[in-house]
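Try each task before you read its solution.

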Amino acid sequence: MRKVAIVGAGLTKFVRRALETPKELSFEATSTALDSCGLKLEDIDCVAHGSAPDAFDGIHQKGEYLADGCGGWNKPTMRVFVGGATGVHAIIHGWHHVASGMFDTCLVVCEEKMSSAMPHAQGFFLTIFDAITERALHPNLLWIFALEMNRYMSRYGYTKEDMALAAVNNKRNGQLHPSSQFKDEVTVEDVLNSEIMAYPVSRLDVSPVSDGAAAVVLAAEPVARRLTDKPVWIEGVGWTLDTAYWGTRDLYYPRYLDKAARMAYEMAGIREPAKQINIAEPYDPFDYKALHHMEGLQLSPRGKTVELLRDGHFARDGNLPMCPSGGLLGVGNPIAAAGTMKVAELFWQLRGEAGERQVPGNPRLGVAQAWGDLMQVSSVVVAGI
Amino acid sequence: MAIPERIHRNIDTRYWNPGAEYFPVKNRYTAGVAGQRFFEELKENGKLFGTKCSKCSVTFVPARLFCERCFARLEEWVDVGLEGVLYSFTHVYRTKSDEEKENPSIVGAVRIADGLLMHHLGECNEKDLYIGMPVKAELKPVGEREGKITDIAYFKPL
Amino acid sequence: MAEKVIVSGGTPLSEDDIRSGKIFFTEDSLDCAYAWDTGVAINRYLAELKKGKIIATECRKCSRIMLPPRLFCELCFVPVDKWLYVQDTGIVNTFSICHVHWDATRIKEGEKPHLPAVIEIDGASKGMGIMHLLGEVEPEDIKIGMKVKAVWKPEEEREGSITDIIYFKPL
């Protein structure tokens, strides 16, 4: 396998409703990513793009529709889709294209336009439940997150206040992100006092539904070294899918992520992730998920995560900053684009180009992760300089 | 394992039907940056616009924000007129649910500049149609136009 | 070093922009319905529910007693053909108190919140939970680990559906 580097990245703003069509959003992020590393579309060998369910944009075969906005016209182009994990998985998908020796450069582009979904994006998730044994109960999407959050909290005696700390941490980081629309400080009280949706989930425990796109450029080692003196290497990748019988798994621990993370760390030669990783971008569509995933990523001992969070361990200037981008909670959640945004954040942070978001201490190794489907799939990318 | 039996309609087997009203979702599609201007011109001025990529010598209709070939941002807007050429057409006799259509309709693909617009054909005799036929967009009256592709009522022979 | 341009596009719109007609849009829905085959294992599961019984299958390799029943064990990847009845009691593995509908609208004032739960059914392997609803209980009294029992519809109203169990109530 060849070494693969990230050499460029670009984003759109993440907004509740964008004027741009899905294609136009993809074009904005993609052309920004190309400009960032001085490449033209003609320098790109292939495109790996991702978008979550077709239903959000309301365009079936969305991959084909989006392709030209992703720079895929007349090029080998392939969409990847693993639910919420798509944004990080698309990077792995692109990595395969280049690591295999088949292509020297690859554009990875993820887009989501959730504002098309009426009356609310949540409604489009009805069909993810088992058609016969679950849908008859008229479930809604929040149920499974609320059930998982409750199980996780009760297992370790965590409180809603504990979970809110993660929302506060990420939302504070997000205030500095140029794609974020949220510039106001959010406190633990704000989270606790926000309207209850499905106990234990309140409004501000949840990341905001958004439109947006994100793109990165991958290059094989010789090309990367020509393009930049600061390539960010993809050191390890991992992904796992657990059973769709989600009621059969104990939801307090993300077993799917445990395996995916170990796979990525082994490839990257990392033996003690909690000591060796400098920045973490766990997937955080809900505040509890950030903490849940820090445990699955082996970056925090099970049941000790809140203690570490309270001690400032995961703050921007802590030992292991968690979601320095602001994550989905702080920047917004255009599903697939949000995962790719996390990898873009590793790229800027490891190059020391994150501006006022910059994590101190010259971070050298970072991990990004996304999660999806029926709480069963995780994709992990380890990047380093 | 072999397929044990052939079932032609899924409701001939044991099935679960949650009711048609159980998934009452819809999508709302905005026209986008280029689309917004394209439909403004159509609605307000009754004009069709394309955007031109000089480098690739392509004029996209309807107008687009970017050139899919070279990824340039397109800023040259071109009034392409209301006339085009019938590139292909079909007679539609069945509905999407595969029932007989009361009034068979004709759908055409019309070449305007380098774009291809799918639309209805009207004021025409189906046996007179031929590929390569010059056609023209028949617009709805100004007051009925709302910034949608249906502001063109249909294309008719020139 | 100056921060590079890394963000472009994503022009925010408000709902008013759209309602006022300033921004052009079209709306459409799929307008289609589905009927799902129950399949072999779930067909039997539903038929037994109609009789007021819960049936599971057991994997001969890992000995898991699985609910809902299935024709293969997804962990061992072997066929499964051993059927057995389990209890209609269990314990609450986790639960939620839900104040919103599927479309994210809030339930009405005075309307009872939905009480979804994962229930580990007695007689199935440990941790074998199914999603169902809780009833005859005040939301604040629900506890993880609580023992519950199925409340069945009257026999003549059962139709071979997971909803033949109306909900689970505290024992």
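**Exercise 1. Salt bridges, chain by chain**

Task: find how many salt bridges there are over all chains, then work out where some of them sit.

Solution. 
- Step 1. This is a predicted model, and the count comes to 43 salt bridges over all chains.
- Step 2. Start in chain A, where A:Asp57 pairs with A:Lys62, their closest N and O atoms being 3.3 Å apart. Both A:Asp57 and A:Lys62 are buried.
- Step 3. Move to chain C and look at C:Glu74 and C:Arg64, whose side chains meet in a salt bridge at 3.3 Å, N to O. C:Glu74 lies in the loop between strand E5 (72–73) and strand E6 (78–79), and C:Arg64 in the loop between strand E3 (54–58) and strand E4 (65–66), so the pair ties together parts of chain C that are 10 residues apart in sequence. With a relative accessible area of 13%, C:Arg64 is buried, because the cut-off for buried is under 20%.
- Step 4. Stay in chain C for C:Lys147 and C:Asp122, which form a salt bridge at 3.1 Å, N to O. Here the pair ties together parts 25 residues apart in sequence, since C:Lys147 lies in strand E12 (residues 147–152) and C:Asp122 in the loop between strand E10 (116–121) and strand E11 (129–133) of chain C. C:Lys147 is partly exposed at 40% relative accessibility, and C:Asp122 is partly exposed at 21%.
- Step 5. Finish with a network: salt bridges that share partners join A:Arg17, B:Arg28, C:Glu15 and C:Arg19.

**Exercise 2. Where chain B meets chain C**

Task: describe the contact between chain B and chain C by its residues, area and polar pairs.

Solution. 
- Step 1. Chain B brings 26 residues to the contact and chain C brings 25 residues.
- Step 2. About 2300 Å² is buried between the two chains, and carbon and sulfur atoms give 56% of that area.
- Step 3. Two salt bridges cross the interface of chain B and chain C. C:Glu15 forms a salt bridge with B:Arg28, with the closest N and O atoms 3.0 Å apart.
- Step 4. Seven residue pairs are in polar contact across the interface of chain B and chain C, both residues being at pLDDT 80 or more.
- Step 5. On the side of chain B that touches chain C, the elements giving two or more residues are strand E1 (15–16), strand E2 (26–30) and helix H1 (32–45). E2(B) gives the most, with five residues.

**Exercise 3. Chain B as a whole, and one residue in it**

Solution. 
- Step 1. Of the 158 residues of chain B, 38% count as buried. Chain B exposes about 9400 Å², with carbon and sulfur atoms supplying 49% of it.
- Step 2. Now find B:Leu158 in the segment after strand E10 (152–157) of chain B.
- Step 3. Leaving out residues up to four places away in sequence, B:Leu158 touches B:Glu83, B:Pro134, B:Val135 and B:Lys136.

**Exercise 4. A helix and a loop in chain A**

Solution. 
- Step 1. Just after H11(A), A:Gln298 takes a positive phi of about 65°.
- Step 2. A:Ser325 is buried, with a relative accessible area of 0%.
- Step 3. Beyond four places away in sequence, A:Ser325 touches several residues, including A:Asn173, A:His177, A:Glu281 and A:Arg357.

Conventions:
Residues are numbered from 1 along each chain as its sequence is written. Chains are lettered from A and ligands numbered from 1 in the order in which they are written. This is a predicted model: local features need pLDDT of at least 70, side-chain atom pairs count only at pLDDT 80 or more; totals for chains, interfaces and linings use all residues. Side-chain values use heavy atoms; hydrogens and water are left out. Buried means under 20% relative accessible area, exposed over 50%, partly exposed in between (1.4 Å probe, protein chains only). Contact means heavy atoms within 4.5 Å. Helices (H or I, at least four residues) and strands (E, at least two) are DSSP runs, numbered from the N terminus. Buried area is the accessible area (1.4 Å probe) that two parts lose on being put together, summed over both. A salt bridge is a side-chain nitrogen of Lys or Arg within 4 Å of a carboxyl oxygen of Asp or Glu. A polar contact is a pair of N or O atoms within 3.5 Å; within protein, one must be able to donate a hydrogen and the other to accept it, and residues adjacent in sequence count only if both atoms are side-chain atoms. Accessible areas come from the Shrake-Rupley method with a 1.4 Å probe; for residues, only the protein chains shown count as cover.
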